[in-house]
Amino acid sequence: MPTTNGLDAGLVPGATDAELYDWLADMVLIRVFEETADGLALRGRIPGGMHPAIGQEAVAVGIARALRADDVVAGTHRSHHHALAKQLPPAAVLAELYGKATGTNGGRGGSMHLADFDLGLWGTNGIVGAGLGIALGAALGASVRCTDQVAVGLFGDGGANTGRVWEFVNLAAIWRLPLIVACENNLYAVETASKSVTGGNSIAERAAAFGMPAQQVDGQDIVEVHRAVRAAADRARAGDGPTFLEFLTYRYKGHNSGEVIRYRTEDEVTQWRTSRDPVERFSALLTNSGVLTPEDLTRIADDARAVVDAAVAFAEESPWPDPSTAAENVSAWSNRDGSVR
Amino acid sequence: MSSATEPRPKAVATYSTAFQEGMREEMDRDPTVFVLGTDIYDRGGHFSQVKGLGERFGHERIRDTPISEAAMVASGVGAALNGTRPVVDLNFLDFAFGAMDELVNQAAKIRYMWGRPVPLVVRATAGVAQGGAQHNNSLQAWLMNTPGLAVVFPSRPWDVKGLIKSALRGSDPVVFMMHKLLTGARGPVGGPDELVPIGSARIARPGSDVTVITYGYGVVVADDAATALAGEGIQVEVIDLRTLAPLDVTTLVEAVKRTGRALVLDEAPALSGPAAEIATTLSDHAFWYLDQPVVRLTAAHSPIPHSPPLVDGLLPNVGQVIDAVRRLALARGPSQSSVS
């Protein structure tokens, strides 16, 4: 592997070849993890199922790699990719999906509620639009404490039709908070085509009306995602306020594992998979530019497979949490008196 | 915890200025405390609850917001997770409906799901008074029924100040309710480090015959009734809950052990309301000390109307408390004491 950035013309400013290798490795890991977890969900191993993010890998890794370690990401109901991009251990994430004691949150969170505050994942969130609110508040906290942290709040095209998202956007705009408002537009809110329920020309255009920079970004191109997020983070850190990024992306699977899809054609899925797949595109970019060799690609795939296989074994073999602890750590207020029976 | 242990009063304030004083002292003490809400910088809130703090602490710490309750509470939750202690002032508790997800699904659950405390205070004026159906909701039971939230509802300046200090030195979300009708009520307040613990009721008035358990403006009603009944030789004990969640079960049980007769006075509706929880708690923990069934005296199961006679028609009043306590005090044998 060459030791300098093989991409010329500043395609990925500041990223070393080793880092680009890691970006691709993260994307491949997410792909293998999600395909595996989706299969496990169909076999009933994941209580409550899950929302696979296959196809949306570039958004997650592009965001995570454009941030500092103390920056904040708050996700959605479909956010395994963000958790893994933020370096939550795959074995602990899968164990959390299983509901095991060794999960990232001891089995109290689950697929839609993953968090590791030390790694900057301030929760994925089961309520549409809510993660953006947590990120908004994190940005407010950073502003009040005068840190130069940046927060990224994620939601989908479905969330863009909730009222709260625009309350959040407005507050971030008037207070010039260090927030990146990140919409993952994967075209469908569960089974509803977003274009059929979304007024105006685009979600980004709505945001621009609040007086903040707002743009659409090709979410299947990690270089573009990274560039946009890095620029938005620089703006935020400079005190110039929030930026709205609408990532155009696509989920290959249904809304949830096992969903029978009647609302889009197989042709449409094939089109996205064959012409715009984020993993294929970045692999091609890196090999064509000489950053990676075909052997590197093989190693990345093999490593991802091994990590995910180990994660499955870990999740399967991990113990269940102790039921007698189920009502612990609800509130320090109620734990201190005799009112809990 | 009884009133006998309270230090000598040092100063007199109103219910509202007691809150302002508590906030001012805590904001002086802790630079991470800040307030956000509508109309708070100049006006000091709709009840003057933070009057004057804008000038003292500036726009960064007394933050005027748009009328965006979801954004107010959400930003409070996230800021609380990021090393600050926000006080979100909703002015009226009724406006919490616009932020119910942020309060119930986010603030209340984050410690449990993710192991991170959320030191957030949501203050709101509550209770039944004028203003009609949409400004007089009793959300106490909704919020008591939400694991992860503490709910306080003081009845006098001393507790307002002491409880806001406890809330701002704790680690978990507190919904801080203040009764409209008590806004101008005067009374002593404690000093900068005199805290009232969350989860502690107080004996507002000692008495040996019947215990009236209540909170907020109910304490005033109960005390008036108790004064009248004292003339008949009936000694009424009044318990001011101060905190609705978590309930101070110990103080309630000890009271019933003393008197054997309890009436719960509440301006919220009876169905699944705070009074139901208190009555059940006494049944669970003090059944064998009860001489008569616990009596509930509550509002009717109705929205709150506009016209004053209609409001009076569905709220428990002093006369009804007197009647109910008298019957309870005199009851013998199998109960005929069921009221309302």
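1. Domain bounds are taken from an automatic or database domain assignment. On that basis chain B splits into domain 1 (10–195) and domain 2 (202–330), and the centres of the two, taken over C-alpha atoms, are 26 Å apart. The model is predicted: local features need pLDDT of at least 70, side-chain atom pairs count only at pLDDT 80 or more, and totals for chains, interfaces and linings use all residues. Residues are numbered from 1 along each chain as its sequence is written, chains are lettered from A and ligands numbered from 1 in the order in which they are written, and side-chain values use heavy atoms, with hydrogens and water left out.

2. Contact (heavy atoms within 4.5 Å) involves 24 residues from domain 1 of chain B and 26 residues from domain 2 of chain B.

3. Between these domains of chain B about 1900 Å² is buried, with carbon and sulfur atoms giving 62%; buried area is the accessible area (1.4 Å probe) that two parts lose on being put together, summed over both. Of the area that domain 1 of chain B buries against domain 2 of chain B, 26% comes from B:Val128, B:Met144 and B:Phe153, more than from any other three residues.

4. Two salt bridges are counted between domain 1 and domain 2 of chain B, the criterion being a side-chain nitrogen of Lys or Arg within 4 Å of a carboxyl oxygen of Asp or Glu. The side chains of B:Asp159 and B:Arg242 form a salt bridge at 2.8 Å, N to O.

5. The side of domain 1 of chain B that touches domain 2 of chain B has 14 nonpolar residues (Ala, Val, Leu, Ile, Met, Phe, Trp, Tyr, Cys and Pro count as such), eight polar and two charged (Asp, Glu, Lys and Arg); the others, Gly among them, count as polar.
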